[in-house]
Every structure is written in C-alpha cells, then in structure tokens.
Amino acid sequence: MFKKITALLITAAVFCTLFQFTLTAQGANGGIKSVALSKVTYVYNGKVKTPAVVVTNAKGKTVKKSKQTYTVSYPKGRKAVGTYTVKIKFCGAYKSKGTVKKTFRVIPRATAVTSVSADKSSFTVKWKKLVAQTSGFQISYHSNNSAAKTITQKGTDKAAKKITSLKSGTTYFVKVRAFKDVTKGKKTKRYYSVWSAEKRVTTKADGQQEPAKDEPAQDEQDEHDEPLIPVEPKPEFEAVRTADYYYSSLEGAVADVNAQTFTGAETAFEGAAAGICMQEDGGAKIVLFRNADDVPALEINENAELYLNGFTLTFSEAAYLTFGKNLTVENGTVAVTNADSAISQSGSGTLCVTGVDINSKITSTSLTHRAVNITGNTDIKYTNINIDAAVCRSITGIYASNAAKSVSVKNTKITAAATNTQGTEIDAGINAYNSDSTLIERANITISVGNSSHTTYGMRLANAGSIVINGGTFFCENTNADLGNGIIVPEGAGDLTVNSGSGCQFTVFGKKRGMSSTARHTTVNGGEFYSYDMAGYFVLDSDITNAVFALKNSEKYTTVKGTDTLCFGGPAAGTKDAVMNLTGCSIAKPELLSDGSYSYSDQAVYIVSDYGYHSPKEINFTDCTFYQSNYHLFWFSQPTATNTCSTRVNVIGGKTAFYKKNLTQYTKNEIKGLVDVGGAENGWKALRNKSTDAVGNTFVGAGTPVAPSADNELYLTDSAGVYFDNSFIL
C-alpha cells in the first residue's frame with residue numbers, strides 16, 4: 001500500500017511539474033504580443049477617465065485580466081488636463097513580463113471661432129470663451145501665399161484678438177485652439193486642444209480698380225514656377241495622432257463618421273490605421289496613420305476633413321472616394337485604377353483639396369475619367385493631378401458641372417497623357433461650366449493625347465458668371481490631329497479677366513488655338529499666347545494690354561500649317577458691335593528655327609467675315625509691334641452680302657512699329673509706298689496693296705473678290721485709317 005501511495009505521489013508530482021512547465025513555456029514562448037490602452041487621449045469634461053487595458057498574446061487573442069494573468073493600477077484624479085500613467089503588473093504564467101507602464105492624457109476642450117471681421121490691414125477674430133482647465137489660446141492665420149503665423153494669448157478673460165500689419169485686399173484663413181500649462185515639480189508642460197474649424201476673411205481693398213489679388217512676395221515667386229508637390233505635414237498636426245477614436249482601418253473610421261456612433265473604435269494607437277478627432281461644430285477630422293492599400297469604395301456623408309498625413313490612400317480597381325456634404329482632403333496621395341474618378345461629389349456640399357497628389361491609371365477603352373468630379377463649391381490648391389491613360393474614352397483633371405456655385409483652383413498642377421482616347425467627348429485639364437464664378441490661379445496644366453478626332457483643351461470654361469485667370473502655364477496638344485486648344489471660353493460666359501504679373505506669369509499654348517474667347521467682355525493684362533495655328537482668337541468686346549501673340553513649335557508639328565497669329569470676328573451676333581482695344585502688344589514675331597531660319601505665319605492679324613462669321617465694329621491698336629507674315633498687317637476675309645467687312649481699324653501711338661521679314665523696321669514712307677487709299681466704292685474706302693512682291697513685302701492682304709461686286713476687295717469704314725503719333729498718314 002505504501003508503495004502505491006508513494007507511486008501516486010511521485011506521479012502527481014511529475015504531473016504537476018510537467019503541467020507547471022507547460023504553463024510557463026506557453027507564457028514565455030507564446031508570450032505577450034502587445035499591451036495597450038483602449039484610448040490614449042481624452043478631452044477634458046470634468047469626469048474621471050479610465051481607459052481599458054487591452055492585452056493580446058502571441059496568437060493575437062485577448063488575455064483577460066485576473067489574478068493569474070495581470071492586475072491594473074490607475075493613478076488618482078484623472079480628471080484634469082495632464083498625463084497619467086497606468087501600471088500593468090503581470091503574474092502567474094506571464095510573470096516574466098514584469099510591470100508595463102502605459103500613459104494617456106487629457107487635453108483641453110476645443111474652442112470655436114464665432115466671428116472674424118476685417119479692415120484694410122487687419123482683422124479681429126472672436127472665439128468661444130473657455131475658463132475651466134484653460135491657460136490661454138493660440139491664433140493661427142495664413143494667406144494662400146504665406147506660411148502660417150501663430151500668436152499666443154495667455155489668460156482666459158479675453159476671447160478676441162486683433163491681427164494687424166496685413167495686406168489689403170487679401171484673403172486669410174484663421175483658426176484658434178486652447179492650451180493648458182501644467183506644472184509638475186520644476187517642469188511645466190503645455191497641452192493643446194485640437195484646432196477649431198478654419199474661417200476665411202478678406203481684408204478690405206484700398207481702392208484698386210482691379211479685384212484685389214493676393215500677390216506673393218518677391219522671395220516667394222520661385223516656388224510657384226516649379227512643379228508643385230504636396231506640402232509636408234506641419235508639426236502642429238502631430239497632435240492629431242492622439243485622436244479621440246482609433247480604428248484598424250480607414251473604412252471603419254469613415255463608417256463611424258457617417259453613423260456618428262463610433263462603435264468601431266476598438267484599436268489602440270500602436271496598431272491604428274486611422275483616427276478621428278471630433279470638432280466642436282459637429283464635424284470630424286479623419287487622420288490616416290499609415291498607407292492604406294486596396295481600399296474599397298469610400299463615401300463620406302458627414303462634414304469631414306480627411307487628413308492623409310503624408311500617406312497614400314490606394315483604392316481597389318474601379319473604387320474611389322465620394323462625399324455628400326462638405327469635405328476637405330489634405331496632405332497626401334490618392335491613387336485609383338480604372339475608376340470613374342478619384343474624388344467625386346454625390347451631394348451638394350463644398351470640396352477643398354490641399355496638398356494632395358491624385359494619381360490615376362487608366363487602361364479601359366469605355367471609361368470617361370474625371371479625377372475630381374464636383375457639383376458644389378470647390379477650392380483646390382497645392383494639388384497635383386496626374387492621369388496616365390494608355391487607352392480611355394476621355395480624361396479630365398477637374399470637372400465642375402452645372403450645379404457648381406463657384407470654382408476656385410489655385411497652385412494646382414494637372415498632367416494628363418494618353419496614347420489614345422475614344423468616342424466624341426472632350427479631354428481637358430479643367431472643364432467647368434455654368435458656375436457663378438470661376439477663379440484659376442497659378443495653375444500648371446499639360447494635356448497630351450493621341451487621337452484623330454478628339455477635341456482637347458487645357459481648360460474649357462463655359463457659361464460662367466465671371467472668370468478670372470491669375471497666371472499659370474497651359475499646354476495642350478493632340479498629337480495625331482490638328483486639334484488641341486490651350487484655353488477656350490465659349491459663348492455665354494460673363495466677363496473674362498486674364499492677369500499676368502510678378503509671381504503669376506501667364507503662358508498658354510494650344511496646338512489648334514492658344515486662347516479662344518467669346519466671353520461677354522475679355523480683359524487681358526499681359527501674358528504670352530502661342531499656337532501653331534492661331535495664338536489668340538477674340539470674338540466680342542476685348543481690352544488687351546502688353547500681351548505677346550506668336551506661333552511656336554513649327555518644327556515639331558511639320559504636318560500642320562501655321563496660319564493666323566491673331567484673329568478677330570466670329571459667329572456671335574454681338575460681334576458686329578464689338579470693339580477690340582490692344583495696347584503695347586507684340587504680334588506675330590517669327591519663330592527662330594534650329595537651322596537659323598525663321599518660320600512665319602500666313603496672316604499676322606486676321607479679321608474674319610465669311611462662312612457665317614461677322615467682323616467686329618472697331619479694332620484699335622495702340623503702341624503695338626507688328627511683325628511681317630506672308631501677309632503683314634490686316635487680312636480681311638471674303639465679305640458677302642450678309643457678312644460685309646465694315647470694321648474700323650486704327651493703328652495709333654508713337655511707339656507703334658512695323659517690321660519686315662528681315663526683322664528691320666519699316667519707315668513711315670515705306671509704309672505709304674506699300675499702300676494707298678482707293679476711291680469710294682459702295683460707300684466705303686478701299687485700302688489696296690500696291691506691292692508686286694505679294695509674299696515678301698505685302699503690307700495688307702485681301703481675299704478673292706466676291707459678291708456683291710467684282711471689285712469688292714478690302715474695305716475699311718470711311719473714318720478708319722493708320723495713324724502714327726496720332727497723325728493720320730493713310
């Protein structure tokens with residue numbers, strides 16, 4: 001009996017030893033994979049904060065708290081703003097893990113901007129007053145062309161600040177956040193709330209005739225001349241890593257923003273793919289913490305800001321981002337493949353895109369791709385849109401349809417390249433129509449497609465109440481056909497203004513046309529207009545100052561014949577009453593070729609009145625420089641019984657200059673020798689060319705005589721003529 005009992009005891013001892021060894025082995029080898037708090041940042045609300053402890057083992061399973069696994073100790077207080085340490089002490093099978101410390105913090109409540117009012121060189125911002133757990137406030141403001149400045153205001157007795165020494169007529173963006181200084185021992189640490197929503201304010205202009213423009217300083221110009229890249233995340237945004245809620249996927253964060261429940265916020269910061277920061281106004285800021293790959297279609301239906309944080313959001317094939325209310329997308333990359341869009345609007349809100357790379361790869365012949373497809377107010381700045389289309393139906397960088405109230409595109413680069421596009425739809429860098437107003441500022445657009453019948457535009461801006469283009473570079477070609485327009489503004493648009501100056505130089509090239517405008521009134525202040533068919537084409541009232549019009553790329557497009565440098569007239573009924581004024585312009589300077597010769601256009605200035613087109617009422621050239629083409633100064637097309645050439649043309653000013661093909665200047669006597677004023681015919685004066693050298697020395701050209709009379713060549717109104725120094729010479 002004794003032997004049996006002894007054997008049982010030995011067996012039990014061995015079993016217990018083996019059992020204990022097995023448990024220890026699982027604890028040591030299986031081990032603890034992660035220890036985290038369910039939440040590491042709280043917003044102060046006067047209540048005790050107790051984040052749960054989440055422990056997972058090597059197999060990814062949650063380890064429950066018990067006396068055999070671990071215990072948790074929380075510090076006292078945990079209400080006020082500050083940092084708190086939670087101690088997790090492991091025991092039993094996990095005793096070797098020892099004690100792990102995890103911290104969480106409480107930050108001040110966020111305030112909200114209640115109003116911003118501006119004077120000529122200052123604005124005053126007011127915000128919601130906070131007292132509890134608040135030491136003061138910070139005000140951050142910036143314009144589109146200046147870095148953000150931050151002002152600290154200590155104390156909570158005042159909830160307003162006047163910002164001075166600002167530029168007049170300039171739009172600024174302002175936001176406010178609260179802070180709390182916490183002293184522990186000899187050290188003081190400052191805790192910040194999240195920023196308020198950004199508000200926009202424009203200082204009053206000081207009497208300029210033109211709309212106030214936010215001109216960059218001289219030392220800021222170079223950055224706008226270089227290809228634009230997304231801006232780096234600002235240091236202030238590091239604070240958003242401590243979000244209110246954390247998610248293992250971006251899809252989960254978007255789902256909770258839409259539902260406003262935050263039931264999916266289960267991931268600790270260490271493993272988070274995205275987080276949410278709640279805003280005082282009810283909106284949410286979704287923050288990306290790492291690259292998100294193969295993401296299914298996302299739709300954000302609540303007011304939100306998607307802060308990519310410098311990371312890349314890559315969608316699954318044919319998937320993309322849509323939004324139903326107000327959305328801001330910032331600082332990172334959005335990539336799509338064979339999708340209708342990268343960002344598309346499904347509701348009636350506002351879209352703002354800042355510091356974003358949009359990369360689209362298209363290989364579908366049936367796809368009409370619009371990288372940014374919107375129907376509401378749009379503000380797009382510091383954005384790169386790159387469309388790489390091997391084959392597709394059509395491509396557009398920014399598409400704003402007829403529900404858009406206003407479109408604003410600033411400091412944006414759009415590059416679209418396709419070897420072939422199918423169908424009858426257009427390709428365009430920007431295609432915007434039926435908006436109340438359109439502002440394009442410092443855009444950099446390059447469109448290059450290959451197709452024999454497709455119409456291609458750098459920009460097509462139609463039926464807008466007003467259009468302003470402040471600088472930018474626009475290049476458009478269709479490599480397989482005589483197509484490609486740099487910028488076109490069809491009939492029905494309101495006023496068009498093109499500005500080129502310090503920091504916002506304007507250059508446009510279109511293979512078919514550089515710029516074509518049928519706007520109600522066109523104003524051009526400087527800029528360079530190029531094409532290899534027609535550099536500038538204006539149909540209605542226009543005022544053009546200090547602009548350059550010339551043909552380019554004649555060696556590249558050997559199959560296309562350059563014809564008219566500058567054209568006036570068109571099918572619009574108002575053309576017959578239109579007045580065109582050009583001052584200080586350079587017209588038709590020949591292009592220097594690689595072999596040292598020059599390429600000339602057929603007509604330097606072409607005034608059209610045939611095939612249903614009308615010529616304008618009057619054209620005035622003041623202090624302009626004309627370079628001789630095959631036909632030098634004015635080329636009138638064939639008038640008909642319904643479309644006669646009844647245009648008054650005046651060339652005025654002491655700085656007016658005419659050049660021969662050898663680039664030497666004509667004298668006044670030489671001009672008089674080339675032309676003479678004919679007799680009265682059908683109530684008109686005829687201006688005929690006397691030169692026998694019709695190609696090399698022609699000052700004025702005319703079409704073949706047609707009805708109503710055989711001697712109907714070239715007609716100017718009775719009061720028209722050519723002037724020098726305000727003295728009539730012809």
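The legends below accompany close-up views of a predicted model.

Residues are numbered from 1 along each chain as its sequence is written, and local features need pLDDT of at least 70, while side-chain atom pairs count only at pLDDT 80 or more, and totals for chains, interfaces and linings use all residues. Side-chain values use heavy atoms, with hydrogens and water left out.

**View 1. Helix α3 and its buried residues.** Here we look at helix α3, residues 250–259; helices are DSSP runs of H or I with at least four residues, strands are runs of E with at least two, and both are numbered from the N terminus. Leu250, Ala253, Val254, Asp256 and Val257 are the buried residues of α3 (buried: under 20% relative accessible area, with a 1.4 Å probe and protein chains only). They line one face of the helix, because down the axis of α3 they fall within an arc of 165 degrees (taken from the directions from the helix axis to the C-beta atoms). An α-helix has 3.6 residues a turn, so residues three or four places apart point the same way. The strands that the buried residues of α3 pack against include β15 (245–247), β16 (274–278) and β21 (312–315); contact means heavy atoms within 4.5 Å. After α3 comes Gln260, with a positive phi near 55 degrees.

**View 2. The four-stranded open sheet β2-β6-β5-β4.** Pairing in this sheet is mixed; two strands pair if DSSP finds at least two bridges between them. At its edges stand β2 (41–43) and β4 (70–73), each pairing on one side only. On average, neighbouring strands are turned by 25 degrees against each other, direction ignored (axes are lines fitted to C-alpha atoms, and angles run from 0 to 180 degrees between N-to-C directions). Three bridges link β2 and β6 (residues 99–107) in the parallel sense, and Thr41 has Arg105 in β6 as its bridge partner.

View 3. Follow Asn525 across the view: Asn525 is the bridge partner of Asn499 and stands opposite Thr545 in β41.

**View 4. The antiparallel open sheet β7-β8-β11.** Three strands make up this sheet. β7 (113–118) and β11 (160–163) each have a single partner strand, so one side of each is left without a neighbour in the sheet. Four bridges pair β8 (residues 123–127) with β11, and Val125 stands opposite Lys161 in β11.

Notes. Buried means under 20% relative accessible area, exposed over 50%, partly exposed in between (1.4 Å probe, protein chains only).
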